[in-house]
Amino acid sequence: MANEQDNKPITVVIAGRPYPIRVGEMEEKGLRALVSEINERFNDFQIKYRDRDKQDCLVMTLLTYASELRSAREQADSGSDGELSKRLAQLNDLVEGML
């Protein structure tokens, strides 16, 4: 990832809430695609579990990604490809930017 000074501020919207983050210009497109994917999964959980509130659906989305991240790390430890590592890094950057 680039120097923090090289990052530009953007706002992403997840589950209807805006989150300001700083991102490198080269990473913005991939990050926005990841945010779109997160929102799609969140919306799927809202449709599937209509009796749950937004926070429950957001946590289920987070747990889904955390589970995938754990599996991907285990595969990476046994020799996985670079594309998966790139997507995991983007997801990690997104989460760190929100903290």
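1. A quick convention to start: a residue is called buried under 20% relative accessible area, exposed over 50%, and partly exposed in between, using a 1.4 Å probe and protein chains only. By that scale glutamate 68 is partly exposed, with a relative accessible area of 36%.

2. Please keep in mind that this is a predicted model, in which local features need pLDDT of at least 70 and side-chain atom pairs count only at pLDDT 80 or more, while totals for chains, interfaces and linings use all residues. Residues are numbered from 1 along each chain as its sequence is written, and side-chain values use heavy atoms, with hydrogens and water left out.

3. On the overall layout: the protein chain has three helices and two strands, in the order β-β-α-α-α from the N terminus. Helices (H or I, at least four residues) and strands (E, at least two) are DSSP runs, numbered from the N terminus. Of the 99 residues, 24% count as buried.

4. Now the salt bridges, meaning a side-chain nitrogen of Lys or Arg within 4 Å of a carboxyl oxygen of Asp or Glu. The structure holds three of them. In one, lysine 8 pairs with glutamate 28, with the closest N and O atoms 2.7 Å apart. Lysine 8 lies in strand β1 (residues 8-14) and glutamate 28 in helix α1 (residues 25-48), so this pair ties together parts 20 residues apart in sequence. Glutamate 28 is buried at 14%, whereas lysine 8 is partly exposed at 31%.

5. Glutamate 28 also bridges to arginine 32, at 2.9 Å between the closest N and O atoms. These two are four residues apart in helix α1, about one helical turn. Glutamate 68 and arginine 41 form another bridge (2.8 Å, N to O). That pair links distant parts of the chain, with glutamate 68 in helix α2 (residues 54-77) and arginine 41 in helix α1, 27 residues apart. Through shared partners, Lys8, Glu28 and Arg32 join into one network.

6. Arginine 41 itself is partly exposed, at 21%.

7. Finally, glutamine 90 sits in helix α3 (residues 82-98) and counts as buried at 17% relative accessibility. Leaving aside neighbours within four places in sequence, glutamine 90 is in contact (heavy atoms within 4.5 Å) with Gly30, Leu31 and Leu34.
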